[in-house]
Amino acid sequence: MKFVLVTGGVVSGLGKGVTASSIGVVLKACGLRVTSIKIDPYLNTDAGTMSPFEHGEVFVLDDGGEVDLDLGNYERFLDVTLTRDNNITTGKIYQSVLEKERRGDYLGKTVQVVPHITDAVKNWIESVAAIPVDGKEGPADVCVIELGGTVGDIESMPFIEALRQLSFSVGPDNFCLIHVSLIPVLGVVGEQKTKPTQHSVRELRALGLTPHLLACRSAQPLLANTKEKLSQFCHVPIANILNIHDVPNIWHIPLLLRNQNAHHSILQQLNLLSIAAPPDLQAWTKMAETFDNITNSVRIAMVGKYVGLADSYLSVVKALLHACIACSLKPSIEWIAASDLEDDSANLTPEAHATAWETLRNAECVLVPGGFGDRGVRGMILAAKYARENNIPYLGICLGMQISVIEFARSVLGLERANSAEFDTQSPDHVVIFMPEGSRTHMGSTMRLGSRKTLFQTHDCISSKLYSNPEYVNERHRHRYEVNPEVVGFLEEAGLKFVGKDETGKRMEILELPGHPYYVGVQFHPEFKSRPGRPSPLFLGLILAATKQLEAYLNTHQNGS
């Protein structure tokens, strides 16, 4: 197994994840099989209980792993299916070592960071790297490891030491270190500064790791004398200093690496030049250039709780992007804080209230994504009502589906206090209830999580046609509450149709409103399986409906073309 380690220096948030994914894309384009591991030095065992404001969205894997959003980048870029073990956290490592210690596996030894924690990290990396993630037999050729955080952080020290030991044990031909760093430009002078990178590399070398390549982030392309200076002071050949400057869209990054012969430097370090082919990135180039040349856009109202941070809904944004590109459009996402739509906001913040409603009325479609807690729920209900009554295409995901059920029960069935047991425990009409696949008290790993089967109840519905009429689909879930099976009959009599259910028939998975151009709610999260060039059918349906193309699309697809 060959390892490519991506570390970061100077500041966090440089785009290590996209860089690591892009390196994977280029190596894959050379005919190699690639897997990836993300190391997060935080103490949480997984990302499941972290606020989206704190750490961006929680990405859900097929096996139910709640992981860092960078694993979403890997899955989208490399088109692989990862496991929860591809995300290593300090919490997981310490938990496994402490469990061993309690079982007496260390035979009375004093358990220490070195060697016990570092050995656990190495063993974890080597065993996970061997798990195939691309649907083929046998281990991959290369494992790309991304170390979260910044070199010098206290919490990442045990991982750096473990990776130093790993590089020594696998040998120089099997280990390539790429250090991502920042080259800032000071406003007044306008000169590209190399000193922060020099310090970062010095820190890394003091810890026993020497970078083979530098990936330098900058606003503008690096100047020749900047590269010379970096080479001289960081002990990296000029040919191995890559410049990842700002680009129109992130799909250009693999092309940027290819154009700088990054693959050659990596393959040379890993002694793979003899078996790798020249990188074939034709489809990738076409995708990046197509997006650059699109001029028309579609206005999408995203009504959510965490709209202050785009990373909170990263997979939803990417799924919209994939669907829009398939329709030769650019997504123009209008973020609306759900609480700004509420009546209280008209008195407290009248300007924000007026702006939010104007944005909603100007949108061509409405999307209400998932979320937890009751903040903003009344605003989401108003958005769902507006979309339903005005024939505006609507997609509700997870909480967004529950919102559409609550709204329909209130407005159409006349149940004024209809609500979810999550938001109002005293409501006489619980249309959404706690449906356990776990425990009420412990928050971590208590949900209905991971890939589950949804069976279509009829093929005469929009969602079945969008999925090309299968008997069932497998989509990823992350929720605790579901539509109350006891009210389904009343809702269906009033016109709402539950066209997708789980295998027991008790859990409602997909709802539609016949007679509406596109009013779809899903209990699962279709965004997690959307890929560039292979958009999620339900997101595609939303964009097609918003641009009045859905009927024509369904007709051509029904005819098998």
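S345 sits in helix α13, residues 343-348; helices here are DSSP runs of H or I with at least four residues, strands are runs of E with at least two, and both are numbered from the N terminus. Before I go on: this is a predicted model, in which local features need pLDDT of at least 70, side-chain atom pairs count only at pLDDT 80 or more, and totals for chains, interfaces and linings use all residues. Residues are numbered from 1 along each chain as its sequence is written, and side-chain values use heavy atoms, with hydrogens and water left out.

Back to S345. Its relative accessibility is 5%, so it counts as buried, the cut-off being under 20% relative accessible area, with exposed over 50% and partly exposed in between, for a 1.4 Å probe and protein chains only. Leaving aside neighbours within four places in sequence, S345 is in contact with S339, D340, P350 and H353, where contact means heavy atoms within 4.5 Å.

Next, K38. This lysine is in strand β2, residues 34-40, and is buried, with a relative accessible area of 3%. What does the side chain of K38 make a polar contact with? The partner is the side chain of D68, at 3.1 Å; a polar contact is a pair of N or O atoms within 3.5 Å, and within protein one must be able to donate a hydrogen and the other to accept it, while residues adjacent in sequence count only if both atoms are side-chain atoms. Not counting residues up to four places away in sequence, K38 touches D68, D70, L71, Y74, N86, N87, I88, E146 and G148. Of these, E146 is 108 residues from K38 in sequence, yet 4.9 Å away in space, C-alpha to C-alpha.

Now the helix pairs. The axes of α1 (residues 16-29) and α3 (residues 69-78) come within 9 Å and cross at roughly 25°. Axes are lines fitted to C-alpha atoms, for helices over the stretch in contact, and angles run from 0 to 180 degrees between N-to-C directions. That makes α1 roughly parallel to α3; angles under 35 degrees count as roughly parallel, over 145 as roughly antiparallel, 65 to 115 as roughly perpendicular and the rest as oblique. On the α1 side the contact includes G17, V18 and K28, and on the α3 side D70, Y74 and F77.

The second pair is α4 (residues 90-103) and α5 (residues 113-129), whose axes come within 10 Å and cross at roughly 115°. These two are therefore roughly perpendicular to each other. The contact is made by K92, I93, Y94 and V97 of α4, with V113, H116, I117, A120, V121 and W124 of α5.
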